[in-house]
Amino acid sequence: MTEQSGSRGSPGPSDACDAFSAMLSADSMSMSDDVRDYVFENSRRYHKYSEGRYHFPNDDAEQEREDMQHAMVMLLCDGKLHYAPLRNPQSVLDIGTGTGIWAIDMGDEYPEAEILGIDLSPIQPLWVPQNVQFLVDNVEEEWVQPANSLDYIHSRQMAPTIRDWPRIIAEAYQARALKPGGWLEIQDLKCEVRCDDDTLGEGDACALYAKTLMRALSRLNIDFNGAVANYTRWMREAGFVNVHEMTLKAPLGTWPKDPQQAKIGLYTRNMIYDGLHGFSIGPFTRGLEWTPEEVEVFLVDIRKALLKSSAHIYLPFFTVYAQKPFEQSTGGPS
């Protein structure tokens, strides 16, 4: 690990890193004082750059939750950072990198690749592998990177953030960001409580919370679960081929008999418990126009249910990955 100024958007240790970090959207910004600023609302800290675009905080508590989420996903996916069949990737883009933990792990796994993580929040560490950089950028702005410049684009848990997924997917394909043969992979933990037996009762508090959060986000023009349900179709319509999808079950709680699954359930429960206020305070006050006090009262029963529920519930973890064809097509089903 080395400390490099390029890890936060300014020039990096090599010409390759310099060129790579310069190729994002026309709205990209290096780490000036402006993008280091934050805004505070209802005791939580939010990004200042493109203020209001992202409805969840970026403070220390949220960063710890994001790292717990990464640990849970790694357990769930048997330690795999990706499912796309990458072969010696040279350039990797992580959309919505958050704390940068996935990008850092990816840099360690592929030391010959240049890894660039972008996010609205400048919260990534300074000490990173030599081949990893971070940049403050809004992925929903026009992309201006050179054609055929990326081997792999990764996105995880961005469904509650992106408003226009078809355009993002089209940017990856039609704006020629990906090299021919390059891969796009999207992973999301759906905000949907499921149960495969009869242990989930009517009026379950966890299920109620998921529906309430979806309603709040919809008022903010974000269709979380709808986006996840349509990723595969949008990729095919954009022209991607070799489209693969899979859904894993992330237990919510320690109810599974299998020790590994129970551990995943513990991580999932703790990650959600710790993140409840952060998940809720922005969408509920902005989208549903609740008062902060109403949010706090609502969350009391949700926290109790998370800790005490005996229902065999889980959250679907959806992954889809697809390849840009070596011969560019005009789109259509693969």
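This is a predicted model: local features need pLDDT of at least 70, side-chain atom pairs count only at pLDDT 80 or more; totals for chains, interfaces and linings use all residues.
Ring pairs join Tyr-209, Phe-284, Trp-290 and Phe-298 into a cluster.

**Aromatic pairs**

- Trp-102 and Tyr-152 form a tilted aromatic pair, with 6.2 Å from centre to centre and 45 degrees between the planes.
- Because Trp-102 lies in helix 4 (residues 101-109) and Tyr-152 lies in strand 8, this pair ties together parts that are 50 residues apart in sequence.
- Both Trp-102 and Tyr-152 are buried.
- The ring centres of Trp-183 and Tyr-321 are 5.8 Å apart and their planes stand at 55 degrees, so this pair is tilted.
- Trp-183 is part of strand 9 and Tyr-321 is part of strand 12 (residues 313-323), so the pair ties together parts that are 138 residues apart in sequence.
- Trp-183 and Tyr-321 are both buried.

**Charged groups over rings**

- Arg-286 places its charged end over the ring of Tyr-46, at 4.8 Å from the ring centre.
- Lys-324 lies over the face of Tyr-173, and the distance to the ring centre is 5.8 Å.

**The largest pocket**

- The volume of the largest pocket is about 200 Å³.
- Its lining consists of Pro-85, Leu-86, Arg-87, Pro-89, Asp-151, Lys-179, Pro-180, Gly-181, Gly-182, Trp-183, Gln-323 and Phe-326.
- Strand 9 makes the largest contribution to this lining, with 5 residues.
- By class, the lining of the largest pocket comprises 6 nonpolar, 3 polar and 3 charged residues.

**Cavities**

- Rolling a probe the size of a water molecule over the atoms shows where empty space is left.
- Across the whole structure, the search finds 2 cavities of 30 Å³ or more.
- The second largest cavity has a volume of about 40 Å³.
- The residues that line the second largest cavity are Ile-95, Trp-143, Ile-153, Ser-155, Trp-165, Ile-168, Ile-169, Ala-172, Leu-184 and Ile-186.
- Strand 8 (150-156), helix 5 (165-173) and strand 9 (178-189) are the elements that each give two or more residues to this lining.
- Helix 5 supplies the largest share of the lining of the second largest cavity, namely 4 residues.
- The lining of the second largest cavity has 9 nonpolar residues, 1 polar residue and no charged residues.

**Cysteines**

- The search of the whole structure finds 0 disulfides.
- Cys-191 has a relative accessibility of 14%, so this residue counts as buried, the limit being under 20%.
- Cys-206 is also buried, because its relative accessible area is 6%, under the limit of 20%.

**Residues with positive phi**

- Asn-88 has a positive phi near 50 degrees, although this residue is not a glycine.
- Asn-88 is located in the loop between helix 3 (60-76) and strand 4 (91-95).
- The relative accessible area of Asn-88 is 57%, and the residue is therefore exposed, the limit being over 50%.
- Glu-289 is another residue other than glycine with a positive phi, here of about 60 degrees.
- Glu-289 belongs to the loop between helix 8 (259-286) and helix 9 (292-308).
- With a relative accessible area of 68%, over the limit of 50%, Glu-289 counts as exposed.

**A buried glutamine**

- Gln-133 is a residue of strand 7 (residues 132-136).
- The relative accessibility of Gln-133 is 0%, so this residue counts as buried.
- Gln-133 and Glu-114 are 19 residues apart along the chain, and their C-alpha atoms are separated by 8.0 Å.

Notes
Residues are numbered from 1 along each chain as its sequence is written. Side-chain values use heavy atoms; hydrogens and water are left out. A disulfide is a pair of cysteine sulfur atoms within 2.5 Å. Buried means under 20% relative accessible area, exposed over 50%, partly exposed in between (1.4 Å probe, protein chains only). On a 1 Å grid over the protein atoms alone, a cavity is a set of points where a 1.4 Å probe fits but cannot get out, and a pocket is an open set with protein on both sides within 12 Å along at least five of seven lines; lining residues have an atom within 4 Å of a point. Grid points are joined across faces, edges and corners, and a volume is the space filled by probe spheres set on the points. Ala, Val, Leu, Ile, Met, Phe, Trp, Tyr, Cys and Pro count as nonpolar, Asp, Glu, Lys and Arg as charged, and the others, Gly among them, as polar. Rings of Phe, Tyr and Trp (its six-membered ring) pair if their centres lie within 6.5 Å; planes under 30 degrees apart count as stacked, over 60 as edge-to-face and the rest as tilted. A charge sits over a ring if NZ of Lys or CZ of Arg is within 6 Å of the ring centre and within 35 degrees of the ring normal.
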